[in-house]
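The following exercises are to be worked through with the sequence and the structure at hand. Each task is followed by a solution in steps.

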Amino acid sequence: MSTILAIEDLQVHFTVRRGGQRLVARAVDGVDLEIAPSETLGLVGESGSGKSTTGRAVLRLVDITAGSIRFGGVELDRRRRRVPSDYRKRVQVVFQDPYSSLNPRMTVGSAVADPARRHLGLSKADSMQRARELFDVVGLDTRHVDRLPHEFSGGQRQRIAIARALSSEPELIVCDEAVSALDVSTQAQVLNLLRDLRVQTGVAYLFIAHDLDVVRHVSDRISVMYLGRIVETGPAEAVATAPRHPYTELLHDAIPLPDPAAQAERRTARRQLRSSADPPSPLAPPTGCSYHPRCPFAMDICRQEAPTPTPVDTATGAWVRCHLHTHGPVLAGAPVAELIGWRRDTPAGDTARGARPTG
Ligand SMILES: Nc1ncnc2c1ncn2[C@@H]1O[C@H](COP(=O)(O)OP(=O)(O)O)[C@@H](O)[C@H]1O
Ligand SMILES: [Mg+2]
């Protein structure tokens, strides 16, 4: 696969003070991911899993502790301020809250024109013309370029933020919870817009969100993040509909279904996947597999050894980081949902050490 972005064993640690002690928070603790030109990679996981920190490392807003980020084949300096001269042109961002990222006193037309002036060297008049064209592209009224951000709705402001991100003709846009603050129908419109823009411009997205259903609708591939690591990567449909990792299955079963019977079944599955264990902290990640305290299928090895990526489909490069596929009862690469029924029939407290599920 040709790549525009390649992240290898990325670590981003922060020093925090707790009661006079200096502790290290391993916000990103060994992330590997790749994005091809014009591809959308979804990065999904619960709040606190390290998604934004990964995005901020790509955007060069935080220093890299260890590992590497290569963009366009060139390895980036670990210090955030040392960026290649054209990096700000080539990599852009759309955050969750466009209101805080738009200058309240600058007209939205100037906000959209600004990157084109700065990075493409357009004149004031030409960059304003580009802003008008971009307004048209993202579905805004070109007559409104002279308005201020507060005169727009949340969905419109997100369109302005997208227009601004496109203004410098970037190759990659990091979208961090870009639709999370919008209502469901506006969300769908903005997701469709992002998809159309990718076809039109060839831009690639690192699409970060906590909602697997949202990520699924926009991504080619999905990487699932838990406590600073990617636990599963694969084609979007496969990851979203037939998860290989118990954590992904938990995210999958959290998506509500319109059909009451199907929803009841999903609720039952969710009860089995959920655990009372507190979500662990990056200040003290559990030994072994960091998901083991919450995993209903945890085996002895899960408490002792961190799992390495196991390929589940060589054609797509899909992989999962879970001992169940190498030491446990799931056939390597099979959907982990097979285990849900199996565990239902297993006496309480008995963990996955026995035979494969039957039927
Ligand atoms: N600047 C920082 N200093 C200390 N801890 C941080 C900092 N930024 C993030 N963290 C911690 O790193 C972890 C991951 O955060 P974040 O990347 O924002 O996760 P997500 O975007 O998945 O919700 C959290 O535990 C968070 O508290
Ligand atoms: Mg975040």
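**Exercise 1.** Determine whether His-252 is buried or exposed, and state which residues it is in contact with.

*Solution.* His-252 has a relative accessible area of 12% and is therefore buried (under 20% relative accessible area; exposed means over 50% and partly exposed in between, with a 1.4 Å probe and protein chains only). The model is a predicted one, in which local features need pLDDT of at least 70 and side-chain atom pairs count only at pLDDT 80 or more, while totals for chains, interfaces and linings use all residues. Residues are numbered from 1 along each chain as its sequence is written, chains are lettered from A and ligands numbered from 1 in the order in which they are written, and side-chain values use heavy atoms, with hydrogens and water left out.

Apart from neighbours within four places in sequence, His-252 is in contact with Leu-212, Ala-240, Thr-241, Pro-243 and Arg-266 (heavy atoms within 4.5 Å). Finally, the side chains of His-252 and Asp-253 form a polar contact of 3.1 Å (a pair of N or O atoms within 3.5 Å; within protein, one must be able to donate a hydrogen and the other to accept it, and residues adjacent in sequence count only if both atoms are side-chain atoms).

**Exercise 2.** Identify which residues of helix 4 meet helix 6, and describe how the axes cross.

*Solution.* The axes of helix 4 (residues 108–120) and helix 6 (residues 154–166) come within 7 Å and cross at roughly 25° (axes are lines fitted to C-alpha atoms, for helices over the stretch in contact, and angles run from 0 to 180 degrees between N-to-C directions). Helix 4 is therefore roughly parallel to helix 6 (angles under 35 degrees).

From helix 4, Val-108, Ala-111, Val-112 and Pro-115 take part, meeting Ile-160, Ala-163 and Arg-164 of helix 6.

**Exercise 3.** Find where Ser-38 lies, and state what its phi is.

*Solution.* Ser-38 is in the loop between strand 2 (21–35) and strand 3 (40–44). Its phi is positive, about 65°, although Ser-38 is not a glycine. Most residues other than glycine have a negative phi. With 30% relative accessibility, Ser-38 counts as partly exposed.

How values were computed
Helix = DSSP H or I, 4+ residues; strand = E, 2+ residues; numbered from the N terminus. Parallel < 35°, antiparallel > 145°, perpendicular 65-115°, else oblique.
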